[in-house]
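I set down what I looked up, entry by entry.

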Amino acid sequence: MVHLFDLVYVLTQKEIKVRYKNSVLGYFWSVMHPLAFALMFYLAFKVFMKVQVEDYPLFLITGLFPWQWFSNSVSSSLFVLIDNASLIKKLNFPRELIPLSSVINHSFHFLLSLPIILLFMYIYDKSPAWWLPVGVVCLFLPQFFINYGISLAVSSLHLFFRDLDRLVSILITLLFYLTPVVYSESMVPDNYSFILYLNPVAGLLINWRRLFLGQPLDVSFLLLSFFYAFVIFLSGYALFKKLSWRFAEVL
C-alpha cells in the first residue's frame, strides 16, 4: 500500500513540474485565469447589462474558482493516459492512479486559491463563518469524487475516440452556462429550476458560494452532490476498469 502512495506522489509531482515547466509566474497563472474571467464577466454583466447582484466581483470569484477546479480536472484528464503511455506499456500498476494524480494536482491548486477568496471576502467586509473549514471539507469531498469519476471515464474513452476532446470542450462550455457561476440560482425561472438538480455541478457551485458568503449550506443540494459523487465515481471507475486491459494495445 505504501508504494502506491509513493507512486501517486511521484505522478502528482510530475504533473506539477510539467505544468510549470519554463513558466515564470508559475502558480499565479492558476489564479490570474479566473481573475481575468471575473473582470470580463463583471464588465459584461454588471457594467454593461446592469445585473442586480450585490458585491458582484466577490460573487464571481466564489463561483469561478470551484468551476475552474472542475473544468481543469476534466479537460486535463483527456490526455493524461496518452502523456503517460510509456509508463502504461512498461510497468504493471493500477492505471487509475494516473488520472488520480491529475485530479489531485488540480485539487491542490484549488486549495491554494482559497486565500484569494478570503482576501476578496475581507475587501467586501464578509467575515468567514466559524464552520468554514467544516464546510470546505463537506464540499471538497463530493467535488473531488465527481471530478475523479468523470476524469476516469473521459481519460479512458479518449484512447478509443481521439476526437472526444472536441466534444468535451463543447460540453464543458454548455455546462458552464447551465451552472449558476455568473448568475444567481434565484434568477433561474421556476419552470427551468429542474436543470439545477439535473446538473451535478450546480449544487456544488451554489453551496461553495453560500459558504464563502457566510450563508448556511443548502442541505438538499449537499445531499444531491454526495449522491452524484457516488454514482459518477462508481460509473467512471467501472468504465475505466472495463477498458483498462486494452490501454497498452491502443496507445
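Before turning to helix pairs, I note that axes here are lines fitted to C-alpha atoms, for helices over the stretch in contact, with angles from 0 to 180 degrees between N-to-C directions. I also note that the model is predicted.

**Entry 1: the α6 and α7 pair**

I looked up helix α6, residues 97–123, against helix α7, residues 132–160. Their axes come within 10 Å and cross at roughly 145 degrees. I recorded the crossing of α6 past α7 as right-handed.

Which residues of α6 meet α7? On the α6 side I listed Pro99, Leu100, Val103, Ile104, Ser107, Phe110, Leu111, Leu114 and Leu118. Their counterparts in α7 are Leu132, Val136, Phe140, Phe144, Asn147, Tyr148, Ser151, Leu152 and Ser155. Sorted by class, this contact of α6 with α7 holds 14 nonpolar residues, four polar ones and no charged ones.

**Entry 2: Ile150**

I then looked up Ile150, which lies in helix α7. Setting aside neighbours within four places in sequence, I found Ile150 in contact with Phe70, Val74 and Ile232. I also checked Ile150 against Tyr183: the two are 33 residues apart in sequence, and their C-alpha atoms are 25 Å apart in space.

**Entry 3: aromatic pairs**

How many aromatic pairs are there? I took ring centres within 6.5 Å as the cut-off for a pair, and the count came to 20.

One of them joins Tyr56 and Phe59, with 5.7 Å from centre to centre and 20 degrees between the planes. Are Tyr56 and Phe59 buried or exposed? I found both buried.

Phe144 and Tyr148 are four residues apart in helix α7, about one turn of the helix. Both Phe144 and Tyr148 are buried.

**Entry 4: the ring cluster and a charge over a ring**

I followed the ring pairs onward and found a cluster that links Trp69, Phe110, Phe140, Phe144, Phe145, Tyr148, Trp208, Phe212, Phe233 and Tyr237. Among these, Phe110 of α6 and Phe140, Phe144 and Tyr148 of α7 were already listed in the helix contact.

Last, I returned to Phe59 and found Arg209 over the face of its ring, at 3.5 Å from the ring centre.

Conventions. Residues are numbered from 1 along each chain as its sequence is written. This is a predicted model: local features need pLDDT of at least 70, side-chain atom pairs count only at pLDDT 80 or more; totals for chains, interfaces and linings use all residues. Side-chain values use heavy atoms; hydrogens and water are left out. Helices (H or I, at least four residues) and strands (E, at least two) are DSSP runs, numbered from the N terminus. A crossing is left-handed if the near helix is turned anticlockwise from the far one by less than a right angle, and right-handed if clockwise. Contact means heavy atoms within 4.5 Å. Ala, Val, Leu, Ile, Met, Phe, Trp, Tyr, Cys and Pro count as nonpolar, Asp, Glu, Lys and Arg as charged, and the others, Gly among them, as polar. Rings of Phe, Tyr and Trp (its six-membered ring) pair if their centres lie within 6.5 Å; planes under 30 degrees apart count as stacked, over 60 as edge-to-face and the rest as tilted. Buried means under 20% relative accessible area, exposed over 50%, partly exposed in between (1.4 Å probe, protein chains only). A charge sits over a ring if NZ of Lys or CZ of Arg is within 6 Å of the ring centre and within 35 degrees of the ring normal.
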